[in-house]
Amino acid sequence: RPGLYQDLERDPFATGFTYGRHKLHLLLKRALKDLGASSRVLDVGCGSGEQVRMCRSMGLKAEGLEPSSSLRSVALRLNPGAVVDGSVLKMPFDDESFDFAYCIEVLRYFPADARLVAYREALRVLKPGGRFFFTMANRYALDGFSIYSGIRSLAYRVRGVAPPPATYFVTPRQLRRELRAVGVREVACSG
């Protein structure tokens with residue numbers, strides 16, 4: 001809904017969304033803090049472009065990639081000329097273009113085989129030594145989201161209504177295994 005990020009700025013503890021984004025922004029800013037002003041940063045699936053704007057306000061050369069035309073137009077209003085059309089599965093960028101890439105609330109909607117393609121694409125566009133920061137849905141998170149999601153999906157099916165997009169839940173072990181399969185050796189998970 002419009003205004004969620006303004007709510008975040010006013011009171012990060014107002015809702016579950018604002019608190020979650022507050023925690024996520026702290027982690028993302030910590031991951032970005034060592035980058036120099038000439039560093040190129042890519043927001044994969046940038047949505048409304050709020051994180052691109054945040055990175056640009058930190059002096060980084062941030063760009064966004066967004067497949068949804070309606071979200072892309074919002075992101076372009078916030079970040080003129082810095083958002084392009086494209087998918088995490090086939091990014092329209094040259095090899096080794098970025099120092100840092102991040103993907104927030106995107107990969108959890110992809111099954112494992114598609115996530116492997118996405119990881120390879122992220123690695124392709126990253127410079128040697130570049131880092132990839134992304135979020136996933138932890139199967140064993142204490143908030144019980146995997147249980148809630150399963151019940152919600154069942155309720156939709158019982159009513160004969162198409163459920164929202166499936167969330168694919170992973171464990172940290174599974175995530176490490178997937179990343180090792182595409183050649184990543186250094187993995188850090190945060191809960």
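This is a predicted model: local features need pLDDT of at least 70, side-chain atom pairs count only at pLDDT 80 or more; totals for chains, interfaces and linings use all residues.
Phe 110 sits in the loop between strand E4 (98-103) and helix H5. Show its contacts, leaving aside neighbours within four places in sequence: Val 88, Leu 89, Arg 115 and Tyr 168.

Now pick Tyr 168 together with Phe 110. The two are 58 residues apart along the chain, yet their C-alpha atoms are separated by 6.6 Å.

Next, go to Arg 115. This residue is one of the contacts of Phe 110, and Arg 115 also belongs to the H5 side of a helix pair.

Select that pair: H5 (residues 112-125) and H7 (residues 172-181). Two packed helices are described by the angle between their axes and the distance between the axes. Here the axes come within 9 Å and cross at roughly 55°. Angles of 65 to 115 degrees would count as roughly perpendicular and those under 35 as roughly parallel; H5 and H7 are therefore oblique to each other. Their crossing is right-handed.

Show side chains on both helices. From H5, colour Ala 112, Arg 115, Leu 116, Tyr 119 and Arg 120. Facing them from H7 are Gln 174, Leu 175, Glu 178, Leu 179 and Ala 181. By class, this contact has 6 nonpolar, 1 polar and 3 charged residues.

Keep H5 and H7 on screen and turn to the largest pocket. Its volume is about 1,700 Å³. To find its centre, select Leu 27, Phe 134, Thr 135, Met 136 and Ser 190, the closest to it of the 43 lining residues.

Which elements supply at least two residues each to this lining? Select helix H2 (16-32), H5, strand E5 (126-134), strand E6 (137-138) and H7. H2 gives the most, with 10 residues.

Finally, colour the lining by class: 26 residues are nonpolar, 8 polar and 9 charged.

Definitions and conventions: Residues are numbered from 1 along each chain as its sequence is written. Side-chain values use heavy atoms; hydrogens and water are left out. Axes are lines fitted to C-alpha atoms, for helices over the stretch in contact, and angles run from 0 to 180 degrees between N-to-C directions. Helices (H or I, at least four residues) and strands (E, at least two) are DSSP runs, numbered from the N terminus. Angles under 35 degrees count as roughly parallel, over 145 as roughly antiparallel, 65 to 115 as roughly perpendicular and the rest as oblique. A crossing is left-handed if the near helix is turned anticlockwise from the far one by less than a right angle, and right-handed if clockwise. Contact means heavy atoms within 4.5 Å. Ala, Val, Leu, Ile, Met, Phe, Trp, Tyr, Cys and Pro count as nonpolar, Asp, Glu, Lys and Arg as charged, and the others, Gly among them, as polar. On a 1 Å grid over the protein atoms alone, a cavity is a set of points where a 1.4 Å probe fits but cannot get out, and a pocket is an open set with protein on both sides within 12 Å along at least five of seven lines; lining residues have an atom within 4 Å of a point. Grid points are joined across faces, edges and corners, and a volume is the space filled by probe spheres set on the points.
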